[in-house]
Amino acid sequence: MDTSIYDQKFESAVAHFAEEIKKVRTGRAHPDMLSGVQVEVYGTKMPLNQVANITAPEATQILVTPFDQANLRAIAGAISSTPDLGFNPSDDGHNVRVPIPPLTEERRREIVKSLNNKVEEAKIVVRSVRDEARKAIKVAKAGKHISEDDEKRIQAGIDDSASQANEQIAKIAKDKETEIMTI
């Protein structure tokens, strides 16, 4: 029985988690902080990175340069109206500057709680992949495609892969938590 598809699903879950926590705010400015912002331009909502160049020239500021200057106000409005960011952008006629305020201890703790929720979601995905693999193993054994010894060996391999995925998630989360709590 080929278990490589489950290994790929475990790797995908870890990679998705790593991408998701890039959006979690730390004390330093990072262009991914604005990745969830949708801007109303040309009569449709578009992701910010499709209508502007986003950079972090300083540790405390994000610079957004629109591809079309006519969208400047729409970009600033979209950033300020995204409630979970809490940013107050200003435009200078050419760019939108987004100052990143320093995090308070209380806000850092809230961000860590949010991070822990994302960790739990990632672990749930890993568990569901493991359960899916276990069902496939049982079906293969019931259909006499694998022996009982093979079932136990494959099951142990799946459990090891799930444990490794959970360890990777925990390590990524611990590194991010350290980054968040560092002043």
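Reader: How many bridges join strand E1 to strand E2?

Author: This is a predicted model. Strand E1 covers residues 38-41 and strand E2 covers residues 44-47, and the two run antiparallel. The number of bridges joining E1 to E2 is 4.

Reader: Which residue in the hairpin of E1 and E2 takes a positive phi?

Author: The hairpin has 2 residues between the strands. The positive phi there is near 55°. The residue that takes it is Tyr42.

Reader: Which residue in E6 stands opposite Val64?

Author: Strand E4 takes in residues 61-66 and strand E6 residues 96-99. These two strands pair in the antiparallel sense over 4 bridges. In E6, the residue opposite Val64 is Val96.

Reader: Are H1 and H3 roughly parallel or antiparallel to each other?

Author: Helix H1 spans residues 4-22 and helix H3 spans residues 105-142. Their axes come within 10 Å and cross at roughly 170°. Angles over 145 degrees count as roughly antiparallel. H1 and H3 are therefore roughly antiparallel.

Reader: How many charged residues does the contact of H1 with H3 have?

Author: On the H1 side the contact includes Tyr6, Lys9, Phe10 and Glu20, and on the H3 side it includes Leu115, Lys118, Arg130 and Glu132. By class, this contact has 13 nonpolar residues and no polar ones. The number of charged residues is 5.

Reader: And are H1 and H4 roughly parallel or antiparallel to each other?

Author: The axes of H1 and H4 are 10 Å apart, and the helices pack at an angle of about 10°. Angles under 35 degrees count as roughly parallel. H1 and H4 are therefore roughly parallel.

Reader: How many nonpolar residues are in the contact of H1 with H4?

Author: Among the H1 residues that meet H4 are Phe10, Val14, Phe17 and Ile21, and their counterparts in H4 include Ile158, Ala165, Ile169 and Ile172. The contact also holds 2 polar and 3 charged residues. The nonpolar residues number 12.

Reader: How many charged residues are in the contact of H3 with H4?

Author: H3 and H4 pack at an angle of about 170°, with their axes 10 Å apart. The two helices are therefore roughly antiparallel. Their contact has 16 nonpolar and 3 polar residues. The charged residues number 13.

Reader: Which element gives the most to the lining of the second largest pocket?

Author: About 180 Å³ of space lies in this pocket. It is lined by 12 residues, and Ile21, Lys22, His30, Lys176 and Glu179 lie nearest its centre. Two or more lining residues come from each of H1 and helix H4 (148-181). With 3 residues, the element that gives the most is H1.

Definitions and conventions
Residues numbered from 1 in each chain as written. Predicted model: local features only at pLDDT ≥ 70, side-chain atom pairs only at ≥ 80, totals over all residues. Heavy atoms only, no water. Pairing = 2+ DSSP bridges. Axes fitted to C-alpha atoms, helices over the stretch in contact; angles between N-to-C directions. Parallel < 35°, antiparallel > 145°, perpendicular 65-115°, else oblique. Contact = heavy atoms within 4.5 Å. Nonpolar A, V, L, I, M, F, W, Y, C, P; charged D, E, K, R; others polar. 1 Å grid on protein atoms, 1.4 Å probe; cavity = no way out; pocket = protein on both sides within 12 Å on 5 of 7 lines; lining within 4 Å. Points joined across faces, edges and corners; volume = space filled by probe spheres on them.
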